[in-house]
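Welcome! Take a moment to look over the structure below, and then we will walk through a few of its details together.

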Amino acid sequence: MHDCRASVLSACHVTSAVDLFNSYVSYTRECLHKYLIDLLCVDIENDLRLFTHSAVLGQVFRKIEPDSASRDVARFTRLPPFCFFGEWLHISEVIEQHLDEKFYNLNALMVNDWKTYEEMRNLALERYGLRICDGYLPGSIVDQGLDVLVITENIQVFVANYTYNMNEQLFVQRPSTTESKHLHTLHIRHIANSIRTHGTGIMNTTVNYVYECLLKKLAIVSQFLSDDHVKSRLIKDVKQFNEKRDLFNNEYTLAQAEKFIREMRKLGVAHDGQTFIAKFCSLVSEIGNALAYMRMMRSGGLRAVADSAVFVPFSGDFTRLERVLDSDASGSEVDKGDGHAGREEKT
C-alpha cells in the first residue's frame, strides 16, 4: 500500500500533491470498505442467521443459497493486520465491531432472543474466528417488583396511588386506583434489586425528583392555609383551645375536631365532589408518602451495599506495608522502626 506514495506525492500537474494523496487514500479506503468489508459483513451475518435458524431453531425451510455458501470468507477474517497508508487495518476487528453493534441493538429491542444471539456468537468464533462480545442484557430477577426508575419518573402518580405502612416498611397500591384483583407492593428488597440493576446513580436522581415534588406539594399547603376562610377558622379554633386548655388537660378533644370539620365542610366541595378538608388530608398523605419513599430508598441502598459486600474477600492475615515494599527488611527491623516511630509520636 506504500508503493504509490512516492509517485503520487511527486505529481506536478496539481497545486498540492498532499491533497491529491489524501484524496487517493480516502478513495482507496472507501473502495475497500464498499467492495470488500461491507460485503463480508453482510455475508457473514446472513450465514450466521440462516445456519442458526436452520440448525438450532429447527427451521429447515431457511436454507443458505449455494453461491453465498461457496464463498470462503473465512480467509479474509483470519488475515493478520496489515499496514494501510501508515495505519494498521485488521479486517476481522472491523467485522467484529459491526456485528457487535448489530447484535446489541437487536438484542436490546427483543431481550428474549439473547440465546439465539449467543449461538450466533459461538458460531462466529468457530467458523470465522470472530470474537463477538456477549450481548446479553440483564433484565431482572423473579422478585424484581416495581422498577424504582419508573416510579421516580412518575413520582406524582405514585404518592397519590399508594399508601405507606410504617410498621412493615411497605407501600401498597390503593384498591380504588385499579380494577385488577391483585395489588402492587413496593418493599425494601425491590428497591435494592433496582439499585443493583441500574446502579447507585438513581439515588441522586430520586432525591432531585422527590425534592421537586415536595416543593409543589408544600406550596399548595401554604396556599391553602393562607386562605382567609381557612385562616379565620383556624384562629377561632386556636382561641377556643387556649381558653379550655386547663379544663381538658391540654388535649384537643374529638368533639372539637368534629366541629372544626363541619365548619370546614361549609366552604364547599371541589370539582370532583370531595371537600377541601378531605383533599387537604390527601395532600398531607402524599407528602408523607414522598418522605417515606426517600426513607425506603436509603434503606434499599444500604441493603444493596450489604448484599454486595458479601463478595468482598476478607482475610484475617494482614501483611505489613513495609514488608511488601522492602522484601529485604526483617521482621525485627520493622518492629524496631515501629517502636521508634511510636516513641517519637509520644514525645
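## Salt bridges

This is a predicted model, and its salt bridges come to a count of six. One of them joins aspartate 47 to arginine 127, with 2.7 Å between the closest N and O atoms. This pair links distant parts of the chain: aspartate 47 sits in helix α2 (residues 17-56) and arginine 127 in helix α6 (residues 114-128), 80 residues apart. Are the two partners buried or exposed? Aspartate 47 counts as buried because its relative accessibility is 10%, while arginine 127, at 31%, counts as partly exposed.

## A link between helices α11 and α12

Lysine 236 pairs with glutamate 263 in another salt bridge, the closest N and O atoms being 4.0 Å apart. Because lysine 236 lies in helix α11 (residues 228-243) and glutamate 263 in helix α12 (residues 254-265), the pair ties together parts that are 27 residues apart in sequence. Lysine 236 is partly exposed at 43% relative accessibility, whereas glutamate 263 is buried, with a relative accessible area of 16%.

## Around valine 8

Now to valine 8, which you can find in helix α1 (residues 5-9). With a relative accessibility of 15%, valine 8 counts as buried. Which residues does valine 8 touch, leaving aside those up to four places away in sequence? They are Ala17, Leu20 and Phe21. Phenylalanine 21 is 13 residues from valine 8 in sequence, and their C-alpha atoms are 6.0 Å apart in space.

Conventions: Residues are numbered from 1 along each chain as its sequence is written. This is a predicted model: local features need pLDDT of at least 70, side-chain atom pairs count only at pLDDT 80 or more; totals for chains, interfaces and linings use all residues. Side-chain values use heavy atoms; hydrogens and water are left out. Helices (H or I, at least four residues) and strands (E, at least two) are DSSP runs, numbered from the N terminus. Buried means under 20% relative accessible area, exposed over 50%, partly exposed in between (1.4 Å probe, protein chains only). Contact means heavy atoms within 4.5 Å. A salt bridge is a side-chain nitrogen of Lys or Arg within 4 Å of a carboxyl oxygen of Asp or Glu.
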